[in-house]
Amino acid sequence: MSSDSKAGADAGELAGLDISTGITASTDLDAVLATNPQCAVYTAMADNRLPEALEDYLRILAAGVNVVGSSAVFLQYPWQVLPDELVKPIEDATRTGNSSVFVNGIDPGFANDLLPLALAGTCQSIEQIRCMEIINYDTYDSATVMFDVMGFGRPLDDLPMLLQPGVLSLAWGSVVRQLAAGLGIELDEVTETYVREPAPDDFDIASGHIKKGTAAALRFEVQGRKDGNVAVVLEHVTRLRNGLRPDWPQPAQEGGSYRIEITGEPSYALDLCLSSRNGDHNHAGLVATAARVVNAIPAVVAAPPGIRTTLDLPLITGKGLYSVH
């Protein structure tokens, strides 16, 4: 998490390493830009500070610095998701600075753009693409995300930020719009639905305490419709306990997984299971999110100015990452 107390600390110390890199943390964006970096990695929390995050992007891009990031997630594919008056300043900043920006991760990210579109490229015909995240978030340690944004641990009649009308379609509309663009179709509308499940008793998770009767599971869909049919779907099934709502879709491995289902000729079902030597499925997802954008830096630096997406960047192959532990 970001903190003013980290200002001046060495990057090695902040990474938990017993080395000194000579690179120090700063809370002064102008001072950072004055070093003329080729690229900035933007992972600051944006869900609860969107105007500030977008202003950061504008300043960095206009200064001639490329950006890869994991937030704000709708920048994965903002067209027809954000209003034009918010997209245009970002596009103008990339032209001013001759810079590019690529926002991605795992979800929104490669689990629902790169992988489903790769499968789609082997189909004769496609009726629907469904991308699912089915994960237990009990070890996800961010009170801001879990309680303030997603609304876990809150009364069911208290709508959190994520479930305010239109927010799901804002956050994951980029997924369904980009999938539709990959299929070469223009959606008629994007709709959203959700259902929540209360906790059967009191229990604790990494982010804090969950009281009986408060939100402990969430299932939502963001649907892209074409000619009266649901063409593309982003679905999340989020639990804080494995046993909650056993009738909802179950993950392919303990803790959680991602799933891609394509209905067509041929049809596909692909389960993506993450693991890590250094933590559980949630830890693995955080590493994958960071690595997705960091590994894209050379391609983004080389790309033409503008908002770049998975549809126009070259394949990121993991070049230079081979190592034996």
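Residues are numbered from 1 along each chain as its sequence is written, and side-chain values use heavy atoms, with hydrogens and water left out. In this predicted model, local features need pLDDT of at least 70 and side-chain atom pairs count only at pLDDT 80 or more, while totals for chains, interfaces and linings use all residues. Helices (H or I, at least four residues) and strands (E, at least two) are DSSP runs, numbered from the N terminus.

Helix H8 covers residues 281-294. The expected span of a helix is 1.5 Å times one less than its number of residues. For the 14 residues of H8 this gives 20 Å, and the end C-alpha atoms are 20 Å apart, which agrees. His281, Asn282, Ala284, Gly285, Ala288, Thr289, Arg292 and Val293 of H8 are buried. Buried means under 20% relative accessible area, exposed over 50% and partly exposed in between (1.4 Å probe, protein chains only). Seen down the axis, the buried residues of H8 fall within an arc of 155 degrees, so they line one face of the helix. The arc is that of the directions from the helix axis to the C-beta atoms. The partners that these buried residues pack against include strand E4 (125-136), strand E10 (256-265) and helix H9 (297-302). Contact here means heavy atoms within 4.5 Å. At the start of H8, a side-chain oxygen of Asp280 comes within 3.1 Å of the backbone nitrogen of Asn282.

Strand E10 also pairs with E11 (two strands pair if DSSP finds at least two bridges between them). The two run antiparallel and are joined by five bridges. Ile262 has Tyr268 of E11 as its bridge partner. A hairpin links E10 to E11 through two residues. Pro266 is placed in the loop between E10 and E11 (268-272). The peptide bond between Glu265 and Pro266 is cis, with omega about -5 degrees.

A cis bond also runs from Asp107 to Pro108, with omega near -5 degrees. Pro108 sits in the loop between E3 and H5. Most residues other than glycine have a negative phi, and most peptide bonds are trans.

Asn36 has a positive phi of about 55 degrees. Its loop lies between helix H2 (29-33) and strand E1 (39-42). Asn36 counts as exposed because its relative accessibility is 65%. Asn98 has a positive phi near 55 degrees. Asn98 is in the loop between helix H4 (84-97) and E3. With 58% relative accessibility, Asn98 counts as exposed.

Methods:
A polar contact is a pair of N or O atoms within 3.5 Å; within protein, one must be able to donate a hydrogen and the other to accept it, and residues adjacent in sequence count only if both atoms are side-chain atoms.
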